[in-house]
Amino acid sequence: MAGMTEERSGVVGRAAALLRVIGAHEPDGVTTTVAAHHASTARPTAHRLLCALQTEGLVDRDRAGRWTLGPEIYLLGASAATRYDITADSADLLDALARESGESAFLSARRGEETVCIASREGSFPLRSHVLHEGIRFPLGVASAGLAILSHLPDHDIDDYLCRTDLTDTWGPAHSAPALRARIAATRNTGYAVNPALLVEGSWGIGAAVFDHTGTPCWALSVTGVETRFGDARQKAMGALLLKHAHILSQRLKR
């Protein structure tokens, strides 16, 4: 019985990983091969699971063979939205961030040890960074939103995460544990996190954590743009702007 339970748990875990990969590639979709690679699953297993998910309406497949999230995902998400969706609470703040900064503004949510971009607004400045888009996922500590959230976790949670997680293989030496600890210290000092073009050359980001009613960092507001617009003085101004709006949103969510 224990072996069967573990097997079922493994199947559910692999299916969930595939759904997350597909969600991160919306709206363009993803092939079976790419989905299997990102979910660390053998291609035949991934194909079998995806076909089963398609039967349940959880994924769709287009004529080109690319997988997208299915209608049942939408219906399930709509049912859960009253408990988890804060996009309505943040809409005016995202609008204000994009308008006042001129940069693209984003709302990201923490899911386990990742952040997921769940809402965005385009700024007025014609040159844009394209690192973030709705649905994309990053590990905690990667990108300004993930760094802002990680930095405001308790020390023992940070220590545990950094001891178990090696981000350097995928994200490079700038995301080693010592480098992250230095940026965590800087984030705690200013209150906001800075991503100085660590993901894409010339693309900067600044993020501020948003807290739930228990004081836990569960979301982050961020702005991204080209490096030439992120000088020291403007970093401080945008950091202050983000902290102001993040505080307003945190207060709203405590009601």
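This is a predicted model: local features need pLDDT of at least 70, side-chain atom pairs count only at pLDDT 80 or more; totals for chains, interfaces and linings use all residues.
Modeller: Local features need pLDDT of at least 70, side-chain atom pairs count only at pLDDT 80 or more, and totals for chains, interfaces and linings use all residues. Residues are numbered from 1 along each chain as its sequence is written, and side-chain values use heavy atoms, leaving out hydrogens and water.

Colleague: Why are α7 and α9 called roughly antiparallel?

Modeller: Helix α7 (residues 155-164) and helix α9 (residues 177-190) pack at about 155°, with axes 11 Å apart. Angles run from 0 to 180 degrees between N-to-C directions. Over 145 degrees counts as roughly antiparallel. The pair is therefore roughly antiparallel.

Colleague: Which residues of α7 and α9 meet?

Modeller: Contact means heavy atoms within 4.5 Å. D155, I158, D159 and L162 in α7 meet A177, L180, R181, I184 and R188 in α9.

Colleague: What makes residues of this contact nonpolar or charged?

Modeller: Ala, Leu and Ile are among the nonpolar types, while Asp and Arg are among the charged ones. The contact divides into 5 nonpolar, no polar and 4 charged residues.

Colleague: What makes a set of residues a nonpolar core?

Modeller: Its members are buried Ala, Val, Leu, Ile, Met, Phe, Trp, Tyr and Cys residues, joined through side-chain atoms within 4.5 Å. Buried means under 20% relative accessible area, with a 1.4 Å probe and protein chains only. The largest such core has 26 residues. L107, I206, W219, L221 and L249 have the most contacts inside it. Its largest share, 6 residues, comes from α10.

Colleague: Where do I158 and L162 belong?

Modeller: They belong to a second, separate core of 24 residues, which also includes L132 and L147.

How values were computed:
Helices (H or I, at least four residues) and strands (E, at least two) are DSSP runs, numbered from the N terminus. Angles under 35 degrees count as roughly parallel, over 145 as roughly antiparallel, 65 to 115 as roughly perpendicular and the rest as oblique. Buried means under 20% relative accessible area, exposed over 50%, partly exposed in between (1.4 Å probe, protein chains only).
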